[in-house]
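Hello,

Here is the structure we talked about handing over. Could you take a look at it alongside my notes below?

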Amino acid sequence: MHNKEILFLKYLFLSILALLYGCGSSEEPTVDQELVDDKIISDYILANNITAEKDTSGIYFEVIVPNQIGKVQTMFDNILTIHYTAKILEGVGIDSTSATIGPDSVKVKQGIGAILPRGLDYGLALMKKGETFKFFIPSHLAFKDFSSSLPAIPANSILEITVELLEIENDAEQLAGEILQIENYITTRALNDTITNPLDSVVLLPSGEYYKRISTGIQNDTLIAGEPLNLRYSGTFLNDPLNPFASGVLDYNFSTGIVIQGIDSGVSKMERLERALIIIPSQSGYKESAFYFPRSLGSDFVNELFIPNYATEVPPFSVLVFDVTLQ
Amino acid sequence: MIKLVLNRIVVFFLLTTSLFGVATAQEYEYTEEEIYRSPIKKILNQFSFTITTGYGRTNYKHSLSGLYYAQSQTQQLLVNDDGTPPGRLFDGVSTWLNNPILNPGIPNVDSLSVPFPPINNPVLNPLLQQQFLILKGDSLGMEYTGKGGGIPLFLSLRYNYKKFRIGFGFMFERQSLKKLKSNYADLGVRDYVPNFKSSLSTRYFLTLGYRFYDFWDYSFAGEVQIGKFNGGKNFKSPLISRGTNLNFGISIEKNLSEYFRVIFKPSYDLNNYNIEIPGTGKSIKYKQPTMFYQLGISITFPEIPRSPMKSDHVQLKHVITDPETGQYKEVRGQPIHKRQNPKVGENHRKLFRAKRKNKKKLNPY
């Protein structure tokens with residue numbers, strides 16, 4: 001075979017190889033963000049002479065105000081009232097709350113995966129009542145690679161959160177507090193006055209909800225489990241009765257777990273075409289929901305699959321008031 | 001020099017007169033007209049048969065313009081975009097790649113909003129996928145792309161006239177396509193996995209070509225194939241419509257003999273189809289161009305047969321008397337994959353002794 005032919009065939013073969021395999025995309029190399037964040041935090045602590053420890057979860061914490069004799073959290077005593085200020089490490093502030101216990105206090109439930117950022121959930125477990133801690137939370141326990149322009153949160157942000165633990169309660173204490181609020185609500189609005197507020201007075205159901213019939217339905221036409229129904233509903237908060245946070249019409253089968261327990265309990269008392277008011281303590285509603293901050297980024301966090309949609313509608317431990325009509 | 005030539009003429013004259021008594025010109029025992037040549041073979045010699053196989057790399061692409069994309073944990077659907085987003089009930093089209101099916105009355109409920117129940121460990125819970133993720137195809141410029149591979153088999157017959165070639169052929173291809181990827185996978189849009197693993201597609205075509213360059217034993221010809229593509233049993237939906245299929249290629253041929261050549265042919269196949277999306281009045285255009293790399297052989301029908309006598313090892317074309325018919329017939333001395341009338345050593349590139357079968361023989365001759 002001529003030398004020219006051999007050269008020609010070689011070039012042909014190489015070009016075929018290039019065509020077949022040269023058009024693939026190469027993957028970017030991955031960076032271990034955890035190691036990067038850990039170095040940034042430890043360098044920051046060292047540079048600023050901060051006395052901080054590293055927790056097994058990966059967060060760093062500094063005890064600002066200790067309280068050796070403060071009430072300790074337990075598996076059951078884990079409903080926390082907190083005050084916090086949060087910022088990006090060496091960056092801007094992104095959120096803060098009231099410093100005293102009141103209607104706007106932030107209540108969260110620690111240790112059950114209901115707090116975003118997760119690093120804050122881990123850090124709160126270390127605190128006693130009355131203590132103030134500062135947490136340095138790496139991005140993989142915060143918002144990961146999520147970024148926002150308002151507030152300004154760059155991707156892979158490390159958070160610096162100062163938290164004061166104001167109160168520790170359990171479920172029973174929380175419920176007792178809600179019952180007081182509900183009874184005050186009933187008294188203030190004279191819901192037991194059947195003349196100004198027909199039809200019936202308020203009834204406490206065995207499951208803990210408060211039920212008030214507003215208009216009659218078809219006598220004895222109540223529902224049995226599994227029966228299909230059409231429900232018109234409008235939900236408000238106990239402390240904001242004029243602004244519904246959710247409303248609509250829903251077709252579902254009664255008592256099949258499709259709706260929150262409180263609504264099913266109230267509907268069990270209703271007759272078809274009846275209208276009623278159902279006051280639902282948090283234990284029969286959305287309980288601890290999911291706490292997150294900043295509040296303005298709720299939709300973004302839902303799209304990122306950080307939190308469920310109901311967390312943007314119902315804050316933790318909210319008492320709900322549903323005006324329902326069974327059609 | 002002139003003296004030498006004259007001497008040779010004298011010698012020849014003396015020889016012929018001594019042998020034959022009379023000086024005569026050399027005579028053959030037959031004339032050109034007496035040699036029988038099959039008219040059919042002569043016509044067939046204008047035709048070449050080609051068979052090739054190889055590999056085809058197909059790029060798939062289609063856009064979701066004019067449609068909404070709706071994705072749940074178990075479904076991927078297309079919904080008509082009439083200006084309003086899908087409501088609580090919508091009609092969705094599934095398997096839109098090859099067999100679109102209208103699914104009416106799909107409930108669109110966000111089961112993680114009020115008044116549906118809460119979930120345990122809500123933060124970063126894997127169950128946070130909403131009932132349907134709905135994206136507007138136009139706003140995002142949504143599209144799906146993917147790559148598939150196939151093993152083709154091309155068969156063609158062509159008529160050769162000087163450097164032009166015209167013919168027809170068939171192609172069979174076993175194509176496999178694993179998945180199509182969305183350009184919005186980072187939003188959680190899943191890959192589209194077809195409801196078939198592979199398909200046997202066919203194509204028939206007319207071919208036009210021109211041999212534009214010859215280099216030693218190599219020939220280069222440009223060819224265009226115009227035809228009709230059939231996607232196979234997985235693409236039988238009446239909602240599919242296809243246009244004309246075009247293929248452009250360069251045939252690189254190594255001529256081993258007058259009749260036999262080995263072919264390498266890269267070619268580019270333009271193939272599209274439309275699918276009507278039921279319930280929307282719209283259709284999607286699917287592009288699936290393919291780059292083929294073919295390898296095969298092409299055989300031109302010989303105009304003369306091989307010598308029927310097995311003992312006949314003459315390497316040149318020569319005339320024999322057919323033992324059966326008694327006719328004078330011109331036959332080939334070489335098989336079709338070797339050159340006819342070769343020069344010394346042309347068909348035997350290796351020395352006889354250097355061939356593998358003869359290397360260990362003391363006397364291979």
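**What turned up**

At 0% relative accessibility, A:Phe293 counts as buried (buried means under 20% relative accessible area, exposed over 50%, partly exposed in between, with a 1.4 Å probe and protein chains only). Before going further, a word on conventions: this is a predicted model, in which local features need pLDDT of at least 70 and side-chain atom pairs count only at pLDDT 80 or more, while totals for chains, interfaces and linings use all residues. Residues are numbered from 1 along each chain as its sequence is written, chains are lettered from A and ligands numbered from 1 in the order in which they are written, and side-chain values use heavy atoms, with hydrogens and water left out.

**Aromatic pairs in chain A**

A:Phe293 has a ring partner in A:Phe143: the ring centres are 6.3 Å apart and the planes stand at 80°, so the pair is edge-to-face. For the cut-offs, rings of Phe, Tyr and Trp (its six-membered ring) pair if their centres lie within 6.5 Å, and planes under 30 degrees apart count as stacked, over 60 as edge-to-face and the rest as tilted. A:Phe143 sits in the loop between strand 7 and strand 8 (159-169) of chain A, and A:Phe293 in the loop between strand 14 (291-292) and helix 6 (298-303), so the pair ties together parts that are 150 residues apart in sequence. Helices (H or I, at least four residues) and strands (E, at least two) are DSSP runs, numbered from the N terminus. A:Phe143 is buried as well, with a relative accessible area of 2%. Both residues belong to one aromatic cluster, whose members also include A:Tyr84, A:Phe146 and A:Tyr292.

Over all chains, the structure holds 31 aromatic pairs. Another of them is A:Phe61 with A:Phe133, a stacked pair at 5.8 Å centre to centre and 10° between the planes. This pair links distant parts of the chain, with A:Phe61 in strand 2 (residues 60-65) and A:Phe133 in strand 7 (residues 132-137) of chain A, 72 residues apart. A:Phe61 and A:Phe133 are each buried.

**Polar contacts in chain A**

The loop between strand 7 and strand 8 of chain A also holds A:Ser139, which is buried at a relative accessible area of 1%. Its side chain makes a polar contact with the side chain of A:Asp37 (2.4 Å). A polar contact here is a pair of N or O atoms within 3.5 Å; within protein, one must be able to donate a hydrogen and the other to accept it, and residues adjacent in sequence count only if both atoms are side-chain atoms. In strand 5 (residues 106-109) of chain A you will find A:Lys109, buried with a relative accessible area of 12%. The side chain of A:Lys109 has a polar contact with that of A:Asp171 (3.0 Å).

**Salt bridges**

There are 20 salt bridges over all chains, each being a side-chain nitrogen of Lys or Arg within 4 Å of a carboxyl oxygen of Asp or Glu. In chain A, the side chains of A:Lys128 and A:Glu131 meet in one (3.7 Å, N to O), and both residues are buried.

In chain B, B:Glu223 forms a salt bridge with B:Arg165, with 2.9 Å between the closest N and O atoms. B:Glu223 lies in strand 12 and B:Arg165 in strand 9 of chain B, so this pair ties together parts that are 58 residues apart in sequence. B:Glu223 is buried at 10% relative accessibility, and B:Arg165 is buried at 7%.

**Cavities**

How many cavities of 30 Å³ or more are there? The count comes to three. On a 1 Å grid over the protein atoms alone, a cavity is a set of points where a 1.4 Å probe fits but cannot get out, and lining residues have an atom within 4 Å of a point. Grid points are joined across faces, edges and corners, and a volume is the space filled by probe spheres set on the points.

The largest cavity has a volume of about 170 Å³. Of its 19 lining residues, the closest to the centre are B:Thr50, B:Ser156, B:Glu223, B:Gln225 and B:Lys265. Strand 11 of chain B gives the most to this lining, with four residues.

Best wishes

Terms used
1 Å grid on protein atoms, 1.4 Å probe; cavity = no way out; pocket = protein on both sides within 12 Å on 5 of 7 lines; lining within 4 Å.
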